[in-house]
Amino acid sequence: MSATPGARAEFGRGLVATLPLMISAIPFGVIFGTLATGAGLSPLAVMSMSLFVFSGSAQFIAILLLGSGSPLGVIWLATLILNLRHLLYAATLVDHVRSLGHGWRFWLAAWLTDETFAIMERRYRVEGRGPQAHWYYLASCLGMYLNWQFWTYIGIVLATEFEEIKHWGLEFAMAVTFIGIVMPALRSRPYWVAAIVAGLVATLGNGLPYKLGLMLGGFAGILAGLALQEWTRRRNRGERVLP
């Protein structure tokens with residue numbers, strides 16, 4: 001029987017597993033840096049968003065809402081609703097990190113992204129928990145975090161040096177990249193339901209001001225996905241699923 005990988009080995013494996021997603025995140029970081037700088041934010045403000053917010057989707061929607069003149073409260077609400085999808089992630093991963101101390105869980109939660117969730121969901125599903133699996137998790141988090149900072153900075157530099165880049169239609173490229181990342185992630189029924197409900201509600205609310213239709217779509221999709229996931233979990237445990 002092979003020995004359980006140590007902390008250093010798990011850290012290295014986590015980086016290797018995350019590398020393809022780090023590469024796929026390159027256009028996100030560059031596009032965000034260029035769009036945010038082109039929207040009139042200072043390089044310091046753009047870099048601070050990536051350093052302290054570290055949520056590509058939330059940062060993009062904040063930039064779009066800032067460009068449309070939305071009030072600060074609407075921007076806060078939009079980013080909150082958009083990031084509620086992490087409740088789905090938490091419900092999936094919580095049993096695997098429950099034994100960790102509060103310090104570990106705080107940073108792993110703070111740095112959790114869509115890409116790291118995909119990596120860790122597969123890691124736990126295929127290989128199980130493992131005593132050092134949190135180092136695998138940490139490597140994925142740090143890899144994505146540092147990668148995002150670097151490519152945001154590159155985007156800022158490009159937008160500063162080549163002002164015409166903001167006229168290249170990068171908003172369309174952003175949407176296409178989002179679709180390319182979301183579709184492979186729809187591997188279970190709750191995620192499909194969440195995506196379909198969110199799309200329908202957002203489409204129906206497209207005419208609402210301040211992109212409220214997008215926020216309502218995200219909120220409705222998350223609620224639908226969470227409800228189905230909880231229903232499935234209770235059914236699999238043999239619990240009553242109806243009052």
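Colleague: What is S140 in contact with, leaving aside its neighbours within four places in sequence?

Modeller: In this predicted model, S140 is in contact with G14, T18, T116 and I119. S140 itself lies in helix α9.

Colleague: Why is S140 called buried?

Modeller: The relative accessible area of S140 is 0%. Buried means under 20%, so S140, at 0%, is classed as buried.

Colleague: Is A36 buried or exposed, and what makes it so?

Modeller: A36, in helix α2, has a relative accessible area of 0%. That value falls under the 20% cut-off, and therefore A36 is buried.

Colleague: Which residues does A36 touch, not counting those up to four places away in sequence?

Modeller: A36 touches L41, V46 and I63.

Colleague: Which residues touch the most other members of the largest nonpolar core?

Modeller: They are F32, F60, L93, M120, Y124 and Y137, in a core of 43 residues. The elements giving two or more residues to this core are α2, α3, α4, α5, α6, α8 and α9. Helix α9 supplies the largest share, nine residues.

Colleague: What does M120 touch, not counting residues up to four places away in sequence?

Modeller: M120 touches L93, A133, Y136 and Y137. Two of these partners, L93 and Y137, are also listed with M120 among the residues that touch the most other core members.

Colleague: Why is W192 called partly exposed?

Modeller: Its relative accessible area is 39%. Buried would require under 20% and exposed over 50%, so W192, at 39%, lies in between and is partly exposed. W192 is found in helix α11, residues 189-204.

Colleague: How do you know which elements carry the highest and the lowest mean confidence?

Modeller: The mean pLDDT of each element shows this: α3 has the highest, 94, and helix α10, residues 170-185, has the lowest, 62. Local features need a pLDDT of at least 70, and the mean for α10 is 62. Across the protein the average pLDDT is 82, and 86% of the residues score at least 70.

Terms used
Residues numbered from 1 in each chain as written. Predicted model: local features only at pLDDT ≥ 70, side-chain atom pairs only at ≥ 80, totals over all residues. Heavy atoms only, no water. Core = buried A, V, L, I, M, F, W, Y, C linked by side-chain atoms within 4.5 Å. Buried < 20%, exposed > 50% of the residue type's maximum accessible area, 1.4 Å probe, protein only. Helix = DSSP H or I, 4+ residues; strand = E, 2+ residues; numbered from the N terminus. Contact = heavy atoms within 4.5 Å. pLDDT = per-residue confidence, 0-100.
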